[in-house]
Amino acid sequence: MVMDEERDESGGGGGGGGEEIVEQAVNSESNVVEELVGAVEMVAQFGDYRRTQRKECYNLVRRMKLLLPLFEELRDLDRPISEDDIACLSNLKKALIMAKKLLRTCNEGSKLYLALESEAIMVRFHTIFDKLSQTLDDLPFDELGISDEVKEQVELMSMQLRRARKRTDTQDIELAMDMMVVFSQKDDRNADRAIVERLGKKLDLHTIEDLKIETIAVRNLIKEKVGQTPESTQQMVDLLNKFKQIAGMEETNIIDEPVVPKMLAKCPSLMIPHEFLCPITLEIMTDPVIVASGQSYERESIQKWFDSGHRTCPKTRQTLAHLSLTPNYALKALILQWSEKNNFQLPTKDSPADQESSSTDLKEEILSLVERLSCSQLEGQRKAVKKIRLLSKENPENRILIANSGGIPPLVQLLSYPDSKIQEHAVTALLNLSIDDANKRLIAREGAIPAIIEVLQNGSTEARENSAAALFSLSILDENKMIVGLSNGIPPLVDLLQNGTIRGKKDAATALFNLSLNLGNKTRAISAGIVAPLLQLLNDRNLGMIDEALSILLLIAAHPDGREEIGQLSFVETLVEFIREGTPKNKECAASVLLELGSNNSSFILAALQFGVYEHLVDITRSGTNRAQRKASALLQLMSRSEQIP
């Protein structure tokens, strides 16, 4: 009998009668069926999944649940199952276990890892689709006595799995562009901050609690050394620290050293026992509680974890039988005893009264600043708008307070002031405020977009750059994409892309990419002459904007007018150069653009072949990124169908 995880421990001595053999067979088939049911029921208990794979996870779970009627009929069989049939069911069990492991990773694993390795994770999904489909096709339904109704349901599921694994690209293009921009830009600018905060929200890594849990997940991933390169590990740590910086947390080097609790900075010679530290906050516990897994946490931190919808133990990652918290009086007594012996002051939390007083002071300050925005003294306005700009940069709470205090309308009015510094501070403050989604709508409702476009056309260098960044941030909402396009905001962005500083070009590229996700804006960008400056960016490699330019060209190439504009032999030759000798990301983006062009016009494929692209595509299928391999394989198939392989 084929069993992948269990071994028969009944012993091999002595002969057994026929009844014993039958009993063993019944037990074996019962075990396999129960394990099949258990695997499906286990994944059904998982909570929410990471956003980057959420759709695929729910689709996979839904399909796994469709197998339950099959397992119920197997349970009710009144005769033994043959060893060959048990082997088929065991293969199905292996596929379901693979699915369970992947779903657990997408449920509890590092969010940064799942985002950075989204293509590799998708390959794992497609492998599971293939395994499940194959094992379901091999099931002997008639021999097992499965009803026609259940058989049809399982066959339908198998067909859905085959269709799912044929999909060519499920990448979140907006997420990919954001991560590309974040990793390619080293200077600390408001525009970068807006992109990082958008990434944080999209990955659910924007609260202190989220980031503490992610720190543990990344540390565990590094410790396990599974599915990562030194480069991707460093990218995860760098981005995690950017999120922490925005949230006001202390940055840590979790590659080379463990996270050190803040209180140890004041007494480095004192070593706090590891068991006294909360696994979530990594701070000494003052109110330890025990969860169903037996692990102890600080009450406040684990309660926030549960309030966020989690039903797992953050440390062991196992699903908890219940969410009850039991005070750990013994551990609390040990912590108090140790603190007294070592003269260590346990941290105290601000009282509600102190927190309320601090909040009231800030509200009063912001109200005063908003009033001064409309005062008659120019210097008073300048100081007030600069202060609001700084406050709006600090944290999400300030942005909400400024908006609720009526700060957006006077800021929009200041965009029209002739004073260049006031204009610059106002547009940058609106950029910071626009990071909040609710503020995006308020800013657009106040008629700010045409005024921001006016600053983009006629403002100072820094004001123009931050205007482009503001348009990018506002255009995250689809309705604002349309407003920017209809307000003639595309041409000045194209001008900045062509004639701006390096920083201005980067801001313009980010905004134009986001805006060109809208079909009407794509047409406007082509009419405004976006192709020429994009080709310039490809030729000037010192700017470091090749991937951004290729990503925008990929959108443009999907439009007939765009293909006509970029349909030059020199451009195809440039693509082949990047496919031959570019960075891994260059090769991926260039192959994507060539595939988009070639899928609509075979002359592009012929031109690329003449420039020697074939052997380089073969190389990419062996050593490129996951997405590059898929694009290269699709190009080779396209060439084969066109019968143009030399």
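**Contacts, sheet and helix packing in a predicted model**

Apart from its neighbours within four places in sequence, Ser467 is in contact (heavy atoms within 4.5 Å) with Val427, Ile452, Val455 and Leu456. Ser467 belongs to helix H22, residues 461–474; helices (H or I, at least four residues) and strands (E, at least two) are DSSP runs, numbered from the N terminus. With a relative accessibility of 0%, Ser467 counts as buried, where buried means under 20% relative accessible area, exposed over 50%, and partly exposed in between, with a 1.4 Å probe and protein chains only.

The model is predicted, so local features need pLDDT of at least 70 and side-chain atom pairs count only at pLDDT 80 or more, while totals for chains, interfaces and linings use all residues. Residues are numbered from 1 along each chain as its sequence is written, and side-chain values use heavy atoms, with hydrogens and water left out.

The protein chain contains 34 helices and 3 strands. Of its 646 residues, 50% are buried. The accessible surface of the chain is about 30,400 Å², and carbon and sulfur atoms account for 48% of this surface; accessible areas come from the Shrake-Rupley method with a 1.4 Å probe, and for residues only the protein chains shown count as cover. Among contacts between residues at least 6 apart in sequence, 70% join residues at least 24 apart.

The strands form an open sheet of 3 strands in the order E2-E1-E3, and the pairing is antiparallel. Strands E2 (296–298) and E3 (326–327) stand at the edges with a single partner strand each, so one side of each has no neighbour in the sheet. In general, strands of a sheet pair through backbone hydrogen bonds, either parallel or antiparallel. Two strands are taken to pair if DSSP finds at least two bridges between them. Strand E1 (residues 288–290) and E3 run antiparallel and are joined by 2 bridges. The bridge partner of Val289 in E3 is Pro327. Helix H13 (residues 299–307) lies across E1, E2 and E3 and runs at about 95 degrees to E2. For such values, axes are lines fitted to C-alpha atoms, for helices over the stretch in contact, and angles run from 0 to 180 degrees between N-to-C directions.

Helix H2 (residues 54–65) packs against helix H8 (residues 148–164) at an angle of about 160 degrees, and their axes are 10 Å apart. H2 is therefore roughly antiparallel to H8; angles under 35 degrees count as roughly parallel, over 145 as roughly antiparallel, 65 to 115 as roughly perpendicular and the rest as oblique. The crossing of H2 and H8 is left-handed, that is, the near helix is turned anticlockwise from the far one by less than a right angle, whereas clockwise is right-handed. Arg62, Arg63 and Met64 of H2 meet Met157, Gln160, Leu161 and Ala164 of H8.

Two loop residues have a positive phi. Asp204, in the loop between helix H10 (190–202) and helix H11 (208–224), has a phi near 55 degrees, a positive value in a residue other than glycine. Asn343 lies in the loop between helix H14 (329–341) and helix H15 (352–373), and its phi is near 55 degrees. Asn343 is exposed, with a relative accessible area of 73%.

Ser633 is located in helix H34 (residues 626–641). At 29% relative accessibility, Ser633 is partly exposed. The C-alpha atoms of Ser633 and Leu595 are separated by 10.0 Å, with the two residues 38 apart along the chain.
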